[in-house]
Amino acid sequence: MTMKAPAIPTAPKSIPLIGHLVPLIRDPLAFLRSLPTHGDLVQIRLGTSKVIVLCDPELTRQVLHDDRTFDKGGPLIDRAREVLGNGLATCPHSEHRRQRRLAQPAFHPTRFHGYANAMVPCIDEVIGSWWDGRTVDVPAEMLKITSRGLMATLLSGAISASALGPLVDDGAAIIKGLYRRMLMLPPLDRLPTSGNRAYKHAHSRLSQTVERLAAERRTGADEGDLLSALLAARDPENNGQGLSDAEITDTIITFIIASTETGAATLTWALHLLAQHPEIEHRLHAEVDSVLAGRLPTYSDIPRLELVGRIITETLRLYPPGWFFTRTVNTDTRLGGHSIPAGATMLYSAYLIHHRENVYANPAKFDPDRWDPERNTQPPRHAFIPFGGGARKCIGDTFGTIEATLALAAIASRWRLAPLPGQNVRPPLGGVLWPRQLRMRVEARPNATESTARQ
Ligand code: HEM
């Protein structure tokens, strides 16, 4: 006799038609943190859709590593497909391995040195425009760093600054729209509201620009950038075929959407956390002064920027920019003793797992030293998932970490960012977890060199 699997508990306070929208809007992070008290798997309602939330690191690992059963899908991905087509981040399992093989050479370790060389001038350009006493909008400045950095590495800077601005704005409008549309009842997304119009315009403008840029480069020389690697890639398991024009466009739009806000969010949170923890900021300044002595960082400095690395890691733990993603279940299966029917939607959240008290001691505390190998307090590998895991793990994890490390080191070497009173840093509900506004005062550090700390 087979035992009947226990039902998956539902989180309290669901309201008909809107589900758990109220706690999700009021305080999405507190809502997520509350879920493990109900079980390792907990059902919630996102608008009209039922979603099973993974509250346990081991079950999350099992789901991420079985991407045949737990395929890309669910409300967020369905909406993302409207924009990213069947690109690398959104394509189903059946197409994924071929696309990943073709995109992977662009992230080969031998290329990182060149990418870092292209990123540093972009970082310098942004932070070199600051001056002592200036108040800066930190998310906007960090977005300049990551978007210029991406364009420099993706397109060898072959796009003018005036064309870049609208491209980045379109990417941001799409991310914002994606999240709102995921929570909407389907007919509402067709209404001609200003939000829906902005989303559609942003999408069509971005596609047209990217198609034009890719077409120009198809006939051009190898520039050693990400786009060249994508255009040159050939799949030995598929008669040496490369990515189609449509796949190249989808992949580039995916890179823009997947990398700019995530990277900017990491840096914004890191600067905010440092301002709240002067003792760690002080140690950071000592490290960058000793390693860089006032000059700009390079790729080969990264191993010696140990504390910078730990600050980035701890920031990604406390505030993982991609705070949740969904999967769709392809066949009836079992997980953690429960039956999961085909067609169910699963949600995993790095934020939720990173705040589990049974995994991280004092999870709310910003403690970069928990990552010090000598402290022996590192969590199991699968409990740190800011880049996801398994075959669908972020392809840009190293790229993103290198950029964040170089940018934070360059900023800390030259400037201190002081908090302003009365700032509300609670992140609004959105596809990327970050405060949209954070104003801080720039203070020059005594050892800043003239060449880079320009007035
Ligand atoms: C701090 C920066 C970044 C964070 C936190 C981040 C986070 C993530 C996460 C969590 C996933 C997995 C999503 C899922 O499981 O459904 C992912 C996938 C992906 N990311 Fe990133 N990402 C970052 C930077 C980048 C960069 C720099 C690029 C490219 C230039 C990139 C491109 C992608 C792509 C293409 C995927 C889909 C991979 C696949 O399905 O094979 N990301 N990212």
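Strands E1 and E2 (residues 49–54) pair antiparallel, with six bridges between them. The model is predicted. The two strands form a hairpin with two residues between them. They belong to an open sheet of five strands. Elsewhere, an open sheet of three strands is built from E4, E10 and E9. The iron atom of the ligand takes a single donor from the protein, the SG atom of Cys394.

**The E1–E2 hairpin**

- Gly47 sits in the turn and has a positive phi of about 60°.
- Val42 stands opposite Val53 of E2.
- Arg45 has Lys50 in E2 as its bridge partner.
- E1 is mostly covered, with five of its six residues buried.

**The five-stranded sheet**

- The strand order is E1-E2-E8-E5-E3, and the pairing is mixed.
- Strand E1 (41–46) and strand E3 (70–72) are the edges; each has a single partner strand, so one side of each has no neighbour in the sheet.
- Neighbouring strands are turned by 40° against each other on average, direction ignored.
- Helix H4 (residues 75–84) packs on this sheet.
- H4 touches E1, E2, E3, strand E5 (325–329) and strand E8 (345–348).
- The direction of H4 makes about 100° with that of E5.

- Leu84 belongs to helix H4.
- Its relative accessibility is 7%; buried means under 20%, so Leu84 counts as buried.
- Beyond its neighbours within four places in sequence, Leu84 is in contact with Thr90, Asp250, Ile253, Thr254 and Ile257.
- Leu84 and Ala163 are 79 residues apart along the chain, and their C-alpha atoms are separated by 21 Å.
- Ser207 lies in helix H9 (residues 194–218).
- Ser207 is buried too, at 14% relative accessibility.

**The ligand site**

- Cys394 (SG) lies 2.3 Å from the iron atom of the ligand.
- Cys394 is placed in the loop between helix H14 (350–354) and helix H15 (397–414).
- The ligand is surrounded by 25 residues.
- The closest of them are His96, Arg100, Arg327, Tyr348 and Cys394.
- Arg100 also brings a polar side-chain atom to 2.7 Å from an oxygen atom of the ligand.
- For Lys72, a polar side-chain atom is 2.9 Å from an oxygen atom of the ligand.
- For Arg392, a polar side-chain atom is 2.9 Å from an oxygen atom of the ligand.

**The three-stranded sheet**

- The strand order is E4-E10-E9, with antiparallel pairing.
- Strand E4 (135–137) and strand E9 (415–419) are the edge strands, and each pairs on one side only.
- The twist from one strand to the next averages 40°.
- E9 and strand E10 (residues 439–444) run antiparallel and are joined by five bridges.
- Pro419 has Met440 in E10 as its bridge partner.
- Helix H7 (residues 138–154) packs on the sheet and touches E4, E9 and E10.
- The direction of H7 makes about 65° with that of E4.
- Helix H11 (residues 245–276) also packs on the sheet, touching E9 and E10.
- The direction of H11 makes about 75° with that of E9.

- Most residues other than glycine have a negative phi.
- Ala293 has a positive phi of about 50° although it is not a glycine.
- Ala293 sits in the loop between helix H12 (278–292) and helix H13 (306–318).
- Ala293 is exposed, and its relative accessible area is 61%.
- Asn362 is not a glycine either, yet has a positive phi of about 50°.
- Asn362 is found in the loop between H14 and H15.
- With 51% relative accessibility, Asn362 counts as exposed.

Technical notes. Residues numbered from 1 in each chain as written. Predicted model: local features only at pLDDT ≥ 70, side-chain atom pairs only at ≥ 80, totals over all residues. Heavy atoms only, no water. Pairing = 2+ DSSP bridges. Helix = DSSP H or I, 4+ residues; strand = E, 2+ residues; numbered from the N terminus. Axes fitted to C-alpha atoms, helices over the stretch in contact; angles between N-to-C directions. Contact = heavy atoms within 4.5 Å. Donors = N, O, S within 2.8 Å, 3.2 Å for Na, K, Ca; no water. Near = heavy atom within 4 Å. Polar contact = N/O pair within 3.5 Å; in protein donor to acceptor, adjacent residues only side chain to side chain. Buried < 20%, exposed > 50% of the residue type's maximum accessible area, 1.4 Å probe, protein only.
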